[in-house]
Amino acid sequence: MAGVDFVDVRKSFGAFPVIKGVDIEIEDGEFVILVGPSGCGKSTLLRMLAGLENITAGEIRIGDRVVNTLPPKERDIAMVFQNYALYPHMTVAANMAFSLMLAGSQKSEIDSRVARAADILGLSKLLDRYPRQLSGGQRQRVAMGRAIVRDPQVFLFDEPLSNLDAKLRVAMRSEIKELHQRLKTTTVYVTHDQIEAMTMADKIVVMHDGIVEQIGAPLDLYDNPANLFVAGFIGSPAMTMISGRLDPEDAHAFVTADGTRLPVARPAAAARGKDLVYGLRPEYIALDAAGLAAEVVVIEPTGYETQLVVKLGGAEVTCVFRERVTVRPGETIRIAIDANHVHLFDAETGVRLVD
(Lines give C-alpha, C1' and ligand atoms only; values in the text may rest on other atoms or scores of the structure.)
Protein backbone atom coordinates (compact mmCIF):
# COMPACT_ATOMS: atom_id res chain seq x y z
CA MET A 1 0.00 0.00 0.00
CA ALA A 2 1.00 3.64 -0.36
CA GLY A 3 -0.11 7.18 0.30
CA VAL A 4 -1.02 9.66 -2.43
CA ASP A 5 0.04 13.30 -2.74
CA PHE A 6 -1.23 16.01 -5.08
CA VAL A 7 1.25 18.91 -5.10
CA ASP A 8 0.05 22.14 -6.75
CA VAL A 9 -1.68 20.07 -9.45
CA ARG A 10 -3.16 22.02 -12.35
CA LYS A 11 -5.08 21.04 -15.46
CA SER A 12 -6.21 23.15 -18.39
CA PHE A 13 -8.10 22.25 -21.52
CA GLY A 14 -6.62 24.73 -23.94
CA ALA A 15 -6.78 28.11 -22.25
CA PHE A 16 -9.52 27.00 -19.85
CA PRO A 17 -8.30 25.96 -16.38
CA VAL A 18 -10.32 23.21 -14.69
CA ILE A 19 -7.93 22.33 -11.81
CA LYS A 20 -6.38 25.44 -10.31
CA GLY A 21 -3.59 24.37 -7.97
CA VAL A 22 -4.72 21.47 -5.79
CA ASP A 23 -2.75 20.22 -2.78
CA ILE A 24 -4.01 17.05 -1.07
CA GLU A 25 -2.14 14.65 1.18
CA ILE A 26 -3.64 11.16 1.52
CA GLU A 27 -2.14 8.87 4.13
CA ASP A 28 -1.39 5.21 3.54
CA GLY A 29 -4.59 3.24 4.18
CA GLU A 30 -6.90 6.26 4.30
CA PHE A 31 -10.36 6.34 2.71
CA VAL A 32 -10.59 9.81 1.12
CA ILE A 33 -13.63 11.11 -0.75
CA LEU A 34 -13.51 13.95 -3.28
CA VAL A 35 -16.92 15.59 -3.22
CA GLY A 36 -18.46 18.56 -4.95
CA PRO A 37 -21.03 19.62 -7.54
CA SER A 38 -20.83 18.62 -11.20
CA GLY A 39 -18.01 20.44 -12.96
CA CYS A 40 -15.94 21.07 -9.83
CA GLY A 41 -12.99 18.99 -11.14
CA LYS A 42 -13.16 15.97 -8.84
CA SER A 43 -13.43 13.35 -11.63
CA THR A 44 -10.68 15.09 -13.61
CA LEU A 45 -8.44 14.89 -10.55
CA LEU A 46 -9.17 11.17 -10.19
CA ARG A 47 -8.49 10.54 -13.87
CA MET A 48 -5.14 12.33 -13.57
CA LEU A 49 -4.26 10.09 -10.62
CA ALA A 50 -5.23 7.06 -12.71
CA GLY A 51 -3.13 8.24 -15.66
CA LEU A 52 -6.15 8.71 -17.92
CA GLU A 53 -5.57 12.47 -18.15
CA ASN A 54 -2.27 14.32 -18.46
CA ILE A 55 -1.55 17.01 -15.91
CA THR A 56 -0.64 20.54 -16.96
CA ALA A 57 1.55 21.35 -13.93
CA GLY A 58 2.43 20.07 -10.47
CA GLU A 59 3.18 16.58 -9.18
CA ILE A 60 1.20 13.47 -8.35
CA ARG A 61 2.94 10.96 -6.11
CA ILE A 62 1.96 7.41 -5.24
CA GLY A 63 4.18 6.35 -2.39
CA ASP A 64 7.68 7.64 -3.15
CA ARG A 65 7.18 7.76 -6.93
CA VAL A 66 6.21 10.77 -9.02
CA VAL A 67 3.78 9.24 -11.52
CA ASN A 68 3.10 12.25 -13.77
CA THR A 69 4.35 10.50 -16.89
CA LEU A 70 3.79 6.85 -15.97
CA PRO A 71 1.16 4.96 -17.98
CA PRO A 72 -1.83 3.63 -15.99
CA LYS A 73 -0.62 0.02 -15.96
CA GLU A 74 2.59 1.04 -14.17
CA ARG A 75 0.92 3.04 -11.38
CA ASP A 76 -0.24 0.02 -9.36
CA ILE A 77 -3.80 1.30 -9.05
CA ALA A 78 -7.17 -0.32 -9.69
CA MET A 79 -10.25 1.65 -10.73
CA VAL A 80 -13.96 0.94 -10.30
CA PHE A 81 -16.13 2.85 -12.78
CA GLN A 82 -19.69 4.17 -12.57
CA ASN A 83 -20.91 1.91 -15.39
CA TYR A 84 -19.13 -1.24 -14.03
CA ALA A 85 -17.34 -1.77 -17.43
CA LEU A 86 -17.84 -5.56 -17.35
CA TYR A 87 -17.31 -7.75 -20.41
CA PRO A 88 -20.79 -9.12 -21.22
CA HIS A 89 -19.46 -12.28 -22.95
CA MET A 90 -17.34 -13.29 -19.96
CA THR A 91 -18.40 -15.00 -16.75
CA VAL A 92 -17.96 -13.36 -13.36
CA ALA A 93 -14.79 -15.39 -12.81
CA ALA A 94 -13.36 -14.44 -16.21
CA ASN A 95 -14.16 -10.75 -15.68
CA MET A 96 -12.37 -10.79 -12.36
CA ALA A 97 -9.39 -12.69 -13.73
CA PHE A 98 -8.94 -10.74 -16.96
CA SER A 99 -6.30 -8.25 -15.80
CA LEU A 100 -4.23 -11.04 -14.25
CA MET A 101 -4.45 -13.05 -17.46
CA LEU A 102 -3.17 -10.04 -19.43
CA ALA A 103 -0.30 -9.72 -16.98
CA GLY A 104 0.65 -13.34 -17.61
CA SER A 105 0.04 -14.58 -14.07
CA GLN A 106 0.04 -18.31 -13.38
CA LYS A 107 -3.36 -20.03 -13.47
CA SER A 108 -2.98 -21.22 -9.87
CA GLU A 109 -2.34 -17.66 -8.70
CA ILE A 110 -5.27 -16.32 -10.74
CA ASP A 111 -7.64 -18.94 -9.33
CA SER A 112 -6.45 -18.24 -5.80
CA ARG A 113 -6.90 -14.47 -6.09
CA VAL A 114 -10.31 -14.74 -7.75
CA ALA A 115 -11.50 -17.19 -5.09
CA ARG A 116 -10.31 -14.86 -2.31
CA ALA A 117 -12.00 -11.80 -3.82
CA ALA A 118 -15.21 -13.74 -4.49
CA ASP A 119 -15.27 -14.90 -0.87
CA ILE A 120 -14.75 -11.34 0.43
CA LEU A 121 -17.58 -10.00 -1.75
CA GLY A 122 -20.04 -12.88 -1.45
CA LEU A 123 -19.69 -13.84 -5.11
CA SER A 124 -18.48 -17.43 -4.73
CA LYS A 125 -21.79 -18.91 -5.94
CA LEU A 126 -21.99 -16.53 -8.91
CA LEU A 127 -18.63 -17.16 -10.59
CA ASP A 128 -20.17 -19.05 -13.53
CA ARG A 129 -22.83 -16.44 -14.27
CA TYR A 130 -22.69 -13.70 -16.92
CA PRO A 131 -23.23 -9.98 -16.17
CA ARG A 132 -26.72 -10.06 -17.74
CA GLN A 133 -27.73 -12.60 -15.10
CA LEU A 134 -26.75 -10.34 -12.19
CA SER A 135 -28.47 -7.54 -10.31
CA GLY A 136 -27.00 -4.03 -10.27
CA GLY A 137 -25.46 -4.58 -6.84
CA GLN A 138 -23.92 -7.89 -7.90
CA ARG A 139 -22.42 -6.29 -11.00
CA GLN A 140 -20.90 -3.57 -8.85
CA ARG A 141 -19.38 -6.20 -6.56
CA VAL A 142 -17.88 -7.95 -9.62
CA ALA A 143 -16.31 -4.65 -10.66
CA MET A 144 -14.91 -4.29 -7.16
CA GLY A 145 -13.68 -7.89 -7.26
CA ARG A 146 -11.82 -7.21 -10.50
CA ALA A 147 -10.01 -4.41 -8.65
CA ILE A 148 -9.30 -6.49 -5.55
CA VAL A 149 -7.61 -9.35 -7.42
CA ARG A 150 -4.94 -6.96 -8.65
CA ASP A 151 -3.94 -6.24 -5.02
CA PRO A 152 -3.10 -2.61 -5.92
CA GLN A 153 -1.52 0.09 -3.78
CA VAL A 154 -4.51 2.38 -4.36
CA PHE A 155 -8.20 1.81 -5.14
CA LEU A 156 -9.97 4.48 -7.22
CA PHE A 157 -13.78 4.71 -7.28
CA ASP A 158 -15.49 7.01 -9.79
CA GLU A 159 -19.11 7.53 -8.61
CA PRO A 160 -19.64 3.75 -8.37
CA LEU A 161 -23.13 3.92 -6.83
CA SER A 162 -24.78 6.46 -9.14
CA ASN A 163 -26.59 3.84 -11.22
CA LEU A 164 -28.13 2.04 -8.23
CA ASP A 165 -31.51 2.65 -6.62
CA ALA A 166 -31.67 4.37 -3.22
CA LYS A 167 -31.99 1.22 -1.10
CA LEU A 168 -29.13 -0.52 -2.88
CA ARG A 169 -26.92 2.56 -2.60
CA VAL A 170 -27.27 2.44 1.17
CA ALA A 171 -26.37 -1.26 1.24
CA MET A 172 -23.39 -0.80 -1.09
CA ARG A 173 -22.07 2.11 1.00
CA SER A 174 -21.79 -0.27 3.93
CA GLU A 175 -20.18 -2.97 1.78
CA ILE A 176 -17.52 -0.64 0.38
CA LYS A 177 -16.72 0.76 3.82
CA GLU A 178 -16.51 -2.73 5.30
CA LEU A 179 -14.26 -3.79 2.41
CA HIS A 180 -11.89 -0.92 3.13
CA GLN A 181 -11.79 -1.74 6.83
CA ARG A 182 -10.86 -5.31 5.94
CA LEU A 183 -8.26 -4.62 3.24
CA LYS A 184 -6.81 -1.34 4.62
CA THR A 185 -5.91 -0.25 1.08
CA THR A 186 -5.58 3.46 0.31
CA THR A 187 -8.83 4.49 -1.37
CA VAL A 188 -9.76 7.62 -3.34
CA TYR A 189 -13.47 7.87 -4.04
CA VAL A 190 -15.33 10.48 -6.13
CA THR A 191 -18.97 11.37 -5.62
CA HIS A 192 -21.33 14.33 -5.86
CA ASP A 193 -23.44 12.87 -3.02
CA GLN A 194 -22.46 14.45 0.28
CA ILE A 195 -24.34 11.74 2.22
CA GLU A 196 -21.99 9.14 0.71
CA ALA A 197 -19.06 11.33 1.69
CA MET A 198 -20.25 11.84 5.26
CA THR A 199 -21.02 8.18 5.94
CA MET A 200 -18.01 6.54 4.27
CA ALA A 201 -14.93 8.76 4.40
CA ASP A 202 -12.06 9.00 6.84
CA LYS A 203 -11.35 12.36 5.25
CA ILE A 204 -13.40 14.52 2.85
CA VAL A 205 -12.03 16.91 0.24
CA VAL A 206 -14.68 19.47 -0.74
CA MET A 207 -14.06 20.86 -4.23
CA HIS A 208 -15.64 23.76 -6.08
CA ASP A 209 -14.72 25.36 -9.39
CA GLY A 210 -11.36 23.60 -9.63
CA ILE A 211 -10.10 24.39 -6.14
CA VAL A 212 -10.19 22.69 -2.75
CA GLU A 213 -12.51 24.56 -0.40
CA GLN A 214 -11.80 22.48 2.73
CA ILE A 215 -10.26 19.16 3.81
CA GLY A 216 -11.16 17.38 7.02
CA ALA A 217 -12.94 14.59 8.83
CA PRO A 218 -16.68 14.41 8.05
CA LEU A 219 -17.91 15.78 11.38
CA ASP A 220 -15.22 18.50 11.41
CA LEU A 221 -16.54 19.80 8.11
CA TYR A 222 -20.13 19.55 9.34
CA ASP A 223 -19.47 21.32 12.64
CA ASN A 224 -16.84 23.81 11.46
CA PRO A 225 -17.34 24.69 7.78
CA ALA A 226 -14.65 27.03 6.49
CA ASN A 227 -16.98 29.07 4.33
CA LEU A 228 -20.50 29.44 2.96
CA PHE A 229 -19.95 26.94 0.15
CA VAL A 230 -18.92 24.12 2.48
CA ALA A 231 -21.66 25.05 4.96
CA GLY A 232 -24.30 24.86 2.24
CA PHE A 233 -22.95 21.73 0.56
CA ILE A 234 -22.29 19.52 3.59
CA GLY A 235 -25.39 18.51 5.52
CA SER A 236 -28.88 17.31 4.65
CA PRO A 237 -31.13 19.18 5.14
CA ALA A 238 -28.83 22.06 4.31
CA MET A 239 -27.82 24.78 6.73
CA THR A 240 -30.20 27.74 6.83
CA MET A 241 -28.57 31.07 5.97
CA ILE A 242 -30.03 34.47 6.87
CA SER A 243 -28.60 37.87 5.94
CA GLY A 244 -28.16 40.67 8.47
CA ARG A 245 -25.77 42.34 10.94
CA LEU A 246 -24.88 42.28 14.59
CA ASP A 247 -26.68 44.85 16.72
CA PRO A 248 -24.08 47.62 17.25
CA GLU A 249 -25.17 47.95 20.89
CA ASP A 250 -25.53 44.22 21.60
CA ALA A 251 -23.13 41.87 19.81
CA HIS A 252 -25.12 38.88 21.08
CA ALA A 253 -28.05 39.84 18.86
CA PHE A 254 -28.11 39.33 15.09
CA VAL A 255 -30.58 41.64 13.36
CA THR A 256 -32.13 40.61 10.04
CA ALA A 257 -33.35 42.93 7.31
CA ASP A 258 -36.91 42.86 8.68
CA GLY A 259 -35.75 43.60 12.24
CA THR A 260 -35.96 40.08 13.66
CA ARG A 261 -33.42 39.54 16.44
CA LEU A 262 -31.65 36.17 16.55
CA PRO A 263 -29.32 35.00 19.34
CA VAL A 264 -25.51 34.75 19.03
CA ALA A 265 -23.53 33.08 21.83
CA ARG A 266 -19.98 33.92 20.74
CA PRO A 267 -19.83 36.95 18.42
CA ALA A 268 -16.52 37.23 16.60
CA ALA A 269 -14.77 40.57 16.93
CA ALA A 270 -14.28 40.61 13.15
CA ALA A 271 -18.05 40.45 12.67
CA ARG A 272 -18.79 43.90 14.03
CA GLY A 273 -19.96 46.40 11.45
CA LYS A 274 -20.01 43.90 8.59
CA ASP A 275 -22.74 42.45 6.42
CA LEU A 276 -23.09 38.90 7.69
CA VAL A 277 -24.77 35.59 7.01
CA TYR A 278 -26.25 33.76 10.00
CA GLY A 279 -25.83 30.00 9.60
CA LEU A 280 -27.93 27.49 11.52
CA ARG A 281 -28.29 23.69 11.28
CA PRO A 282 -31.90 22.41 11.39
CA GLU A 283 -31.37 20.19 14.44
CA TYR A 284 -30.43 23.17 16.65
CA ILE A 285 -33.95 24.58 16.57
CA ALA A 286 -36.52 23.48 19.17
CA LEU A 287 -40.18 24.13 19.83
CA ASP A 288 -40.55 26.65 22.65
CA ALA A 289 -43.74 28.43 23.72
CA ALA A 290 -41.67 31.46 24.73
CA GLY A 291 -39.58 31.49 21.54
CA LEU A 292 -39.64 33.39 18.24
CA ALA A 293 -42.81 33.37 16.17
CA ALA A 294 -42.43 31.61 12.80
CA GLU A 295 -44.99 30.90 10.09
CA VAL A 296 -45.15 27.31 8.85
CA VAL A 297 -44.61 27.00 5.09
CA VAL A 298 -44.02 23.28 4.44
CA ILE A 299 -44.42 20.15 6.57
CA GLU A 300 -42.47 16.99 5.68
CA PRO A 301 -43.09 14.06 8.06
CA THR A 302 -40.55 11.28 7.53
CA GLY A 303 -41.66 8.93 10.30
CA TYR A 304 -39.01 9.17 12.98
CA GLU A 305 -38.77 12.96 12.60
CA THR A 306 -40.64 15.89 11.09
CA GLN A 307 -39.05 18.54 8.90
CA LEU A 308 -40.66 21.95 8.84
CA VAL A 309 -39.85 24.94 6.66
CA VAL A 310 -40.86 28.16 8.40
CA LYS A 311 -40.57 31.86 7.66
CA LEU A 312 -38.31 33.70 10.07
CA GLY A 313 -36.27 36.86 9.69
CA GLY A 314 -37.27 37.27 6.06
CA ALA A 315 -35.91 33.83 5.15
CA GLU A 316 -37.13 30.26 4.94
CA VAL A 317 -35.69 28.25 7.82
CA THR A 318 -35.57 24.44 7.91
CA CYS A 319 -36.25 22.80 11.28
CA VAL A 320 -35.99 19.13 12.26
CA PHE A 321 -38.06 17.88 15.21
CA ARG A 322 -38.01 14.40 16.66
CA GLU A 323 -41.43 14.89 18.24
CA ARG A 324 -44.64 14.71 16.20
CA VAL A 325 -45.76 18.19 15.19
CA THR A 326 -49.47 18.71 14.45
CA VAL A 327 -49.56 21.98 12.55
CA ARG A 328 -50.66 23.10 9.11
CA PRO A 329 -49.13 25.48 6.57
CA GLY A 330 -49.97 29.07 7.42
CA GLU A 331 -50.09 28.47 11.17
CA THR A 332 -47.62 30.02 13.58
CA ILE A 333 -45.28 28.11 15.85
CA ARG A 334 -42.72 29.38 18.33
CA ILE A 335 -39.14 28.20 18.17
CA ALA A 336 -35.92 28.62 20.13
CA ILE A 337 -32.45 28.65 18.57
CA ASP A 338 -29.44 27.06 20.26
CA ALA A 339 -27.09 30.04 20.03
CA ASN A 340 -24.05 27.88 20.85
CA HIS A 341 -24.28 26.28 17.40
CA VAL A 342 -24.74 29.43 15.33
CA HIS A 343 -22.15 30.30 12.66
CA LEU A 344 -21.44 33.79 11.35
CA PHE A 345 -20.02 34.25 7.85
CA ASP A 346 -18.65 37.35 6.15
CA ALA A 347 -21.25 38.10 3.47
CA GLU A 348 -18.61 39.50 1.09
CA THR A 349 -15.92 36.81 1.30
CA GLY A 350 -18.04 33.89 2.47
CA VAL A 351 -15.46 33.01 5.16
CA ARG A 352 -16.67 31.81 8.55
CA LEU A 353 -15.79 34.26 11.32
CA VAL A 354 -14.40 32.55 14.40
CA ASP A 355 -14.56 34.10 17.86
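Reply: Happy to; the questions below go through a cavity and then one histidine in this predicted model.

Me: How many cavities of 30 Å³ or more are there?

Reply: A cavity here is a set of points where a 1.4 Å probe fits but cannot get out. With the 30 Å³ cut-off applied, the count comes to one.

Me: What is the volume of the largest cavity?

Reply: The volume is the space filled by probe spheres set on the grid points. For the largest cavity this gives about 40 Å³.

Me: Which element gives the largest share of the lining of the largest cavity?

Reply: The lining consists of F31, F155, F157, I176, L179, H180, L183 and T187. Two elements give two or more residues to this lining, β7 (154-158) and α5 (166-183). The largest share, four residues, comes from α5.

Me: How many charged residues are in the lining of the largest cavity?

Reply: Sorted by class, the lining has six nonpolar residues and two polar ones. Asp, Glu, Lys and Arg would count as charged, and the lining of the largest cavity has none of that class: no charged residues.

Me: Is H343 buried or exposed?

Reply: H343 sits in strand β19 (residues 343-346). Its relative accessible area is 10%. Because buried means under 20%, H343 is buried.

Me: Which residue has its backbone oxygen 3.3 Å from a polar atom of the side chain of H343?

Reply: Leaving out residues up to four places away in sequence, H343 touches D223, P225, M239, V277, Y278, G279 and R352. The backbone oxygen lying 3.3 Å from a polar atom of the H343 side chain belongs to D223.

How values were computed: Residues are numbered from 1 along each chain as its sequence is written. This is a predicted model: local features need pLDDT of at least 70, side-chain atom pairs count only at pLDDT 80 or more; totals for chains, interfaces and linings use all residues. Side-chain values use heavy atoms; hydrogens and water are left out. On a 1 Å grid over the protein atoms alone, a cavity is a set of points where a 1.4 Å probe fits but cannot get out, and a pocket is an open set with protein on both sides within 12 Å along at least five of seven lines; lining residues have an atom within 4 Å of a point. Buried means under 20% relative accessible area, exposed over 50%, partly exposed in between (1.4 Å probe, protein chains only). A polar contact is a pair of N or O atoms within 3.5 Å; within protein, one must be able to donate a hydrogen and the other to accept it, and residues adjacent in sequence count only if both atoms are side-chain atoms. Contact means heavy atoms within 4.5 Å.
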